[in-house]
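Hi,

Here is the model I said I'd pass on.

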Amino acid sequence: MSHLPDLLLVTHRVPFPPDRGDRVRTFHLLRFLARRARVHLASLVDEPVSDDTVKFLSGACARVHGVPLGRMHSMRGLRSFLLGGTISEGVFRSKRFAKQIEEWTSQTRFSAAVASSASMARYLRVPGLRQATKIVDMVDVDSEKWFDFAAASGQPKKWVYQTEARRLRRREKAICSWADVVTLVSDHEAAVMREVTGTDNIHTVTSGVDLRYYAPGRHGPEAGCLFVGALNTLPNVDAITWFAHTVWPHLRHRRPEARLRVVGRRPVAAVRELGEIPGIEVVGTVSDVRPYLDEAAVVVAPLRFARGLQTKVLEAMAAGKAVVATPAALASLGEHGDLPAIAASEPDEWVESVCRLLESQSERRHLGQAGRRYAEQHHNWDNCLEPLGHLLRKRDQLPVAVPV
């Protein structure tokens with residue numbers, strides 16, 4: 001029998017493969033915890049699960065259970081909102097999932113329980129976890145994102161976004177009142193949450209990047225710009241459509257040969273239509289983004305609504321690419337004073353910065369090499385997650401990592 005303690009991990013998405021920002025974090029969180037505990041993983045499932053996923057999770061965990069979200073999860077979100085709750089509460093509410101957690105906690109004494117987001121925190125509020133250390137990995141201050149959406153929208157969306165933001169804010173305060181530990185991805189986000197809640201159980205556990213996977217490629221021909229991100233989420237759709245319609249025409253006027261590739265999962269109609277703009281190619285879903293990174297001269301991250309650490313920016317820096325991004329996209333990375341990325345807000349700043357990099361291979365290489373060093377220094381996954389291990393050991397829950 002293993003000498004390791006039992007730990008419950010509940011996630012809003014199956015944490016494998018690590019092919020999108022939130023899944024990357026939960027994947028590495030799972031690997032980190034599995035070296036320190038017998039992890040019992042319960043996940044909501046929003047897409048088909050491959051054999052490779054089953055194989056990996058079965059090898060990493062003592063027990064695994066998935067519950068499909070079902071086709072009606074969007075309607076559940078709407079129903080929750082209309083009844084005075086939040087959209088995310090409704091989307092991720094599952095009686096089957098709650099029943100599974102209750103069954104597990106009646107069978108196993110868990111030393112600790114971790115929820116992968118604020119939307120999953122409710123599943124830690126069961127009698128069987130009363131003595132367990134409860135950790136909620138909020139990642140970012142979700143309510144602030146919705147306040148940002150509201151500020152940039154007209155009615156009736158403004159009212160919807162403001163209402164969701166206020167309700168999420170109450171939810172965040174409630175979670176911080178009972179959770180033993182609340183973690184956020186940056187000191188910036190943690191400071192906002194402390195100001196919002198007034199509690200002292202809030203800690204920074206930043207995200208890393210797979211430095212081996214996103215290693216700089218061979219120096220071959222580099223051309224044009226690249227945008228990477230899930231192409232069905234509001235921040236990413238807003239970012240690339242704004243850039244394509246507001247910045248790109250002026251950039252193409254300066255450099256008629258310029259090209260922009262848009263890579264990411266599930267592009268919505270507004271994104272697919274960008275492929276009709278001269279110089280823009282909407283690639284969509286790819287199995288491996290690295291060849292596109294290798295071939296790009298400049299990676300752009302024009303996010304106007306961004307909370308937390310932007311994985312797309314960190315991966316580009318680790319790959320040794322020159323990055324131009326909005327201040328919002330860099331906010332959670334810029335706490336070390338030596339951030340090797342160019343910030344741009346206004347269209348003319350974007351045009352000037354991107355064109356300068358397209359014209360200067362030496363400047364691109366210098367910026368990309370500095371980005372790689374930055375990622376190595378500040379975003380190695382084991383180092384990033386060690387504060388969480390320290391918090392757990394402080395409570396005499398988990399041992400130091402065991403060899404794997």
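This is a predicted model: local features need pLDDT of at least 70, side-chain atom pairs count only at pLDDT 80 or more; totals for chains, interfaces and linings use all residues.

The largest nonpolar core takes in 62 residues, and Phe-243, Trp-248, Leu-260, Val-300 and Trp-350 are the ones with the most contacts inside it. Helix H9 gives the most to this core, nine residues. There is also a second, separate core of 36 residues, with Ala-121, Val-136, Val-141 and Cys-176 among them.

Trp-248 is worth a click. Neighbours within four places in sequence aside, Trp-248 is in contact with Cys-225, Phe-243, Ala-258, Arg-259, Leu-260, Ile-277, Pro-278, Gly-279 and Ile-280.

Next, the helix pair. H9 (residues 234-254) and H14 (residues 347-359) have axes that come within 9 Å and cross at roughly 50 degrees. That angle makes H9 oblique to H14, and the crossing is right-handed. On the H9 side, the residues that meet H14 are Trp-242, Phe-243, Thr-246, Val-247, His-250, Leu-251 and Arg-254. Their partners in H14 are Pro-347, Trp-350, Val-351, Glu-352, Val-354, Cys-355, Leu-358 and Glu-359. Sorted by class, the contact of H9 with H14 has ten nonpolar, two polar and three charged residues.

Last one: is H12 buried or exposed? Eight of the eight residues of H12 (residues 311-318) are buried, so this helix is largely enclosed by the rest of the structure. The buried set includes Lys-312 and Glu-315 along with Val-313, Leu-314 and Met-317. Just after H12, Gly-320 has a positive phi of about 75 degrees.

Cheers

Technical notes. Residues are numbered from 1 along each chain as its sequence is written. Side-chain values use heavy atoms; hydrogens and water are left out. Buried means under 20% relative accessible area, exposed over 50%, partly exposed in between (1.4 Å probe, protein chains only). Helices (H or I, at least four residues) and strands (E, at least two) are DSSP runs, numbered from the N terminus. Axes are lines fitted to C-alpha atoms, for helices over the stretch in contact, and angles run from 0 to 180 degrees between N-to-C directions. Angles under 35 degrees count as roughly parallel, over 145 as roughly antiparallel, 65 to 115 as roughly perpendicular and the rest as oblique. A crossing is left-handed if the near helix is turned anticlockwise from the far one by less than a right angle, and right-handed if clockwise. Contact means heavy atoms within 4.5 Å. Ala, Val, Leu, Ile, Met, Phe, Trp, Tyr, Cys and Pro count as nonpolar, Asp, Glu, Lys and Arg as charged, and the others, Gly among them, as polar. A nonpolar core is a set of buried Ala, Val, Leu, Ile, Met, Phe, Trp, Tyr and Cys residues joined through side-chain atoms within 4.5 Å.
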